[in-house]
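Subject: Structure handover

Hi,

Here is the structure I promised you. Please open it next to this email and follow along.

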Amino acid sequence: MLAQQLANGVLLGATYALFALGFTLMFGVLRVINLVYGFYFTAGAFFSLWLAQAGWPLIAALPAAAVGAGVVAVALDWLLLTRLRRAHADELASLMVTLGAVLALYAAATAWLGPDIRRLPPDLVGGGAVDAIGVRVTFAQLLILAACGALVGLLVLLVRGTTLGLAIRAMAEKPDAAALMGIDTARLAALVSFISGSLAGAGGVLIGLNFNAIHPYMGEQMMLRGFVVVIVGGLGDIFGALLAGLLLGVVEVLTAGYLASGLKEAVGFAILVLVLWTRPAGLFGRADARRA
Amino acid sequence: MEAWLDDLFWTYQNLVVSLGINGLLALSMYVVLAAGQLSLGQAAFMGLGAYSSVLMTLAWGWPFWLVLPASCVAPVAFALAVGGPTLRLSGVYLAIATIGMGEVLRAIYLNVDALGGALGLSGIPEQASPLLIYAVLAAALAVLWLVGRSGLGRAMEAMREDATAAEATGVDVRRMRLGVLVASAVLAGLAGALSAHATDFIGPNDYGFEPAVTILSFALLGGVGSPFGPVLGASVLTLLPEVFRDFANLRLVFNGIVIVLAVLFLPRGLLAWRMPRRAA
Amino acid sequence: MRRRAALVAAVLLAVAPAALAAEPVPVGAVEILSGPNAAYGIAIKAGLDLALDAVNAKGVLGGRPIALTVEDSGGTKDGAINAARKLIGRDKVVALIGPTLSNEMFAVGPVTNARGVPTIGTSTTAQGITDIGPFIFRTSLPESDVLPVTLKKAIARGAKTIALLYANDDAFSKSGFDTMQAAARAAGLRIVATESFGSKDTDFSAQLTKIKSLNPDAIGISALVEPISGVMLQARQLGLGKETLFIGGNGANSPKLGQIAGAAADGMLVGSPWFVAKPDRLNQDFVTAFRAKYGKEPDQFAAQAYDAMLILAEAIDRAGVAEPAKIRDALLATDHTGPMGPFHFTDHRDPSSTEGVVVLEMHGGAFRIAD
């Protein structure tokens, strides 16, 4: 049973990491708690649903939905946050504006699409599963695992290996200095929004596929876990998000499997609070002056 | 009283009560924001006040005049216990840590049978009259007004502008932070006890993440230049859903849009006025 | 004051029935029409509106139409209280249907009961609902009446051990679990595990893996339909097959189970006071009318709401006057037959008969009567 539980934990953790990748990027670079992030997740899932219903195969629907969610993210970021960024408003203002926006967006989506849970066409991914050494893993779960690894790899390549990545890191460290050095921070912010939104969208598709439930509020339900992963992993730290996601998944599953299932949710928050108390730079992170 | 007036009051009694309670919660948010802290533990404090007061009433049979002040004990104890390590954090980290603590408390309410689990606690006698609620609100406003005009208020404002600079001018930032957290816990605890004794029923989901951000939005919408701003913000956000009632499922949409527009175009809040202060 | 006004109205009605015949009787409903749980309120509103069409075709109290105002609670306690107070205080409704969730009823019930307005829950199945007071009714069968019937079927199929799984953060699911636990003990089933989850969770793998390792004959689940569907999908992913009997509480009794979980939900047993394919004419007429009006299948919530509206309309007629206290008394004398079957209230204002309970089994993504 332990092997299966560990596998469960890793797979659950992969969904958390997948959700948190774009969140940590947006949070780390743009320095906003963007509560709308969960909505990009919802948007991606719905785009893929519509495309799949129109007969697109998953291989095409997934990137298209991710791009769609990215575009939504850029549009909303421009609409809500450019003004505040230009005015150098504090993080409270951006928190509030995204709070208001996400309230309106979920409600509008529910009014328009209805609150019902939808499912992707069942033949999108084969319903099969792999059975080995007493551990069962489905194809959808393997897909999430693979996608999670691939996206982390691509992101790290982008941030560490390109000039664009250098500009992004510069903006994350010191936005004003970056602007002085000739980086067009507004355009860069739009780009980061696009990447984060696409990641959220891709996460929405894959997680929607795995749990087979797509509905307007699905993004909201991931947000609290997203906070835990981003903070425990260290702000803007992509590897950190991956590790923290996996850790959270495994800890939750082991808590539910061997301790008490009622504590499954609380254990993540307890970890969050403990990490903030003892290692505010994140479990794997470097020191970050902004925290203390 | 005229019958129609009676009916009118009865219809809006819960709204009147909510306005008062939410005003108190907004003030509980205000005291931390006024000192430059983004602590989102108000809903958690409120829950502690509500649950502890209901236990005092239902299990121990205490009279309400004793229950009300005693309802501050649990939230204040919690604030003191978690305050030390938590207050080293600032900005969004503090916000997220306090939300995390709120969720841990929610898990406790859900898993402890004596607290009713998901069924919550019901059959609470309605002992908190609107008059009492508004008296507490008025008292809180008066105290905060006086404190705001005093040297303490100046120190808080200095902390809000720049904590390091404030420290350099001799403000004991650590003690101040803990102080405002305790004040926030007292106000939220009172609000919790009053609301529990005004509606007959409390449940674990009334004090989670969503209420926490709602309370924040009260204060920010109103503006934190004076204690009146948050109360105004709370009133507006409490009334909006009722005003938009006829829009049925679109009313949350309007609610959200109002918040967005207010933040974008009224950055100092609805009530930008800052309270006058005697010269130093 | 109110009573005198009503008396005057009654006298006037007797003197000049023609003049007042068309004055509508105001009735209110508080349901969740917005937010994450809106699906339930919307189904209920559909049922109420359909019943209203039938009622208003001939009217009550000699031809007066019922004017139904449905207010949104948003699923929150305050929202539900505000809505109920607005309906009673401003719209002067003589009776209230709803609210949707048991949690909301625990907040609204004391208010309406103190005001003396009969309040009929159509979807509130938790324990203690009608204990709130003499004006609180419900037409939804409490779980404690349905589950023993379902468990009996499971035992007949050879179940001796059971694992229980429930959502621990909403009143409906928790109360359903308490009932399931008691019913399982009473039926002599051995409970091998008790696991919980959050009603917004999407991952149940840890709990299911643990249960699977204990190898129970049956697994009983108390939750709303969304998490139950998720549980079924994941149970199949983890390789729990047909040898395990799945038993759903009232929340599983929704066509959404098949829509979300598909064939993964096959074999699940659910006790229900109502079934879409129940062959009697009243039910088939209801289903046909519902399909014609809304273009989709009704669910249990719509059916219960439909009957509740008819029961209320009949009670108003029997009361002879649109006055809350009279309607309350008339409700107690309910003798109604509708899509749900024959219906009476007990002295404690709960549904009296469990005869209508059928045990359903999921098959190919839809319910059929279990054999």
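How many salt bridges are there between chain C and chain B? The count is three. A salt bridge here is a side-chain nitrogen of Lys or Arg within 4 Å of a carboxyl oxygen of Asp or Glu. In one of them, C:K92 meets B:D7, with 2.5 Å from N to O.

First, some ground rules. This is a predicted model, in which local features need pLDDT of at least 70, side-chain atom pairs count only at pLDDT 80 or more, and totals for chains, interfaces and linings use all residues. Residues are numbered from 1 along each chain as its sequence is written, chains are lettered from A and ligands numbered from 1 in the order in which they are written, and side-chain values use heavy atoms, with hydrogens and water left out.

**Chain C against chain B**

Contact means heavy atoms within 4.5 Å. By that rule, 34 residues of chain C touch 28 residues of chain B. The two chains bury about 2700 Å² between them, 50% of it on carbon and sulfur atoms. Buried area is the accessible area (1.4 Å probe) that two parts lose on being put together, summed over both. In chain C, the residues that lose the most area to chain B are C:K77, C:N82 and C:R85, together 24% of what that side buries.

There are also 12 residue pairs in polar contact between these chains, both residues at pLDDT 80 or more. A polar contact is a pair of N or O atoms within 3.5 Å; within protein, one must be able to donate a hydrogen and the other to accept it, and residues adjacent in sequence count only if both atoms are side-chain atoms. On the chain C side, β2, α4 (77–89), α5 and α7 (171–186) each supply at least two residues. The largest share, 10 residues, comes from α4(C). Helices (H or I, at least four residues) and strands (E, at least two) are DSSP runs, numbered from the N terminus.

**Inside chain C**

The domain assignment gives domain 1 (2–141 + 279–339) and domain 2 (143–272 + 357–369) of chain C. Such bounds come from an automatic or database assignment. The domain centres, taken over C-alpha atoms, are 31 Å apart. In contact are 12 residues of domain 1 and 16 residues of domain 2. About 1300 Å² is buried between these domains, with 53% from carbon and sulfur atoms.

Most residues other than glycine have a negative phi, and most peptide bonds are trans. Now look at the loops of chain C. A cis peptide bond joins C:G98 and C:P99, with omega about -5°. C:P99 sits in the loop between β3 (96–97) and α5 (102–115).

C:L61 is not a glycine, yet has a positive phi of about 50°. Is C:L61 buried or exposed? C:L61 is buried, at 13% relative accessible area. C:N215 is not a glycine either, and has a positive phi of about 55°. C:N215 is exposed, at 56%. Buried means under 20% relative accessible area, exposed over 50%, partly exposed in between (1.4 Å probe, protein chains only).

Best wishes
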